[in-house]
Amino acid sequence: MATQREKDAAEYLKKHKIIEMMDNLTSMLFFYRPDNPREFLIEQLEQLKISQQNGMKGPNLFNNSNLDTVFGIMDPANQKYITFAQYKQALTTLGIKDINECPEGVNEDKITHETFKTEGMQGLQRYSATYSQS
């Protein structure tokens with residue numbers, strides 16, 4: 001059974017999204033492999049703070065071209081749409097947790113490239129917004 005101190009620590013981590021921030025920073029560190037990791041992390045944290053203060057997108061590993069590539073892999077026949085199951089799996093694979101369960105095209109089971117990119121970028125922005133001033 002967890003002690004009060006452990007419960008407080010877990011609540012703190014959740015409130016300030018520390019786990020998500022560390023996951024994001026670690027992923028970027030492994031992907032970019034900078035010569036000076038400490039300086040790189042400081043720069044990323046500074047960018048994160050500025051983006052939070054200005055309401056802008058925070059640093060993230062993925063961008064529009066990555067979403068284009070993922071969509072292309074999911075749509076090898078170039079039908080210009082993917083199924084809802086493919087959409088959900090792709091966004092989950094990218095690390096997006098709060099996926100829109102009712103995106104445009106869900107009723108027809110045809111998620112367009114544009115919808116996928118819009119939902120993907122919004123999800124990535126939510127994921128990268130890990131700085132909390134609280």
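**A chat about the model**

Author: Let's begin with arginine 33, which is exposed, with a relative accessible area of 68%. Keep in mind that this is a predicted model.

Reader: Okay, and where is arginine 33 found?

Author: Arginine 33 is in the loop between H2 and helix H3, which covers 37–54. Its phi is near 45°, a positive value in a residue other than glycine.

Reader: What about asparagine 78, where does that lie?

Author: Asparagine 78 is in the loop between helix H4 (64–74) and strand S1 (81–82). Phi of asparagine 78 is also positive, near 55°, and again the residue is not a glycine.

Reader: Is asparagine 78 buried, exposed or partly exposed, and why?

Author: Asparagine 78 counts as partly exposed because its relative accessibility is 48%, and exposed would take over 50%.

Reader: Let me zoom out. How many helices and strands are there in the chain?

Author: The chain has six helices and two strands. Starting at the N terminus, the order is α-α-α-α-β-α-β-α.

Reader: And how much of the chain counts as buried?

Author: Of its 134 residues, 29% count as buried. The accessible surface of the chain is about 9000 Å², and carbon and sulfur atoms hold 52% of that.

Reader: What share of the contacts comes from residues 24 or more positions apart?

Author: If you take the contacts with a separation of 6 or more, 65% of them are between residues 24 or more positions apart.

Reader: Changing topic: how many aromatic pairs does the structure hold?

Author: Four aromatic pairs. In one of them, phenylalanine 31 and tyrosine 32 have ring centres 4.9 Å apart and planes at 85°, so that pair is edge-to-face.

Reader: Which other ring does tyrosine 32 form a pair with?

Author: Tyrosine 32 also pairs with phenylalanine 40, and this pair is tilted, with 5.9 Å centre to centre and 50° between the planes.

Reader: Nice. What sits over the ring of tyrosine 81?

Author: The charged end of lysine 110 does, 4.9 Å from the centre of the ring.

Reader: Which residues form a nonpolar patch on the surface?

Author: Tyr12, Leu13 and Ile19 do, and together they have about 290 Å² of accessible area. Isoleucine 19 has its place in helix H2, residues 18–32. With a relative accessible area of 46%, isoleucine 19 is partly exposed.

Reader: What does threonine 115 touch?

Author: Leaving out residues up to four places away in sequence, threonine 115 touches Pro103 and Glu104. As for tyrosine 87, 28 residues away along the chain, its C-alpha atom is separated from that of threonine 115 by 9.6 Å.

Terms used
Residues numbered from 1 in each chain as written. Predicted model: local features only at pLDDT ≥ 70, side-chain atom pairs only at ≥ 80, totals over all residues. Heavy atoms only, no water. Patch = residues over 30% accessible without salt bridge, like charges linked within 9 Å, V, L, I, M, F, W, Y side chains within 5 Å. Areas by Shrake-Rupley, 256 points an atom, 1.4 Å probe, with all protein chains shown as cover. Salt bridge = Lys/Arg side-chain N within 4 Å of Asp/Glu carboxyl O. Helix = DSSP H or I, 4+ residues; strand = E, 2+ residues; numbered from the N terminus. Buried < 20%, exposed > 50% of the residue type's maximum accessible area, 1.4 Å probe, protein only. Phe/Tyr/Trp six-rings, centres within 6.5 Å; stacked < 30°, edge-to-face > 60°. Lys NZ or Arg CZ within 6 Å of the ring centre and 35° of its normal. Contact = heavy atoms within 4.5 Å.
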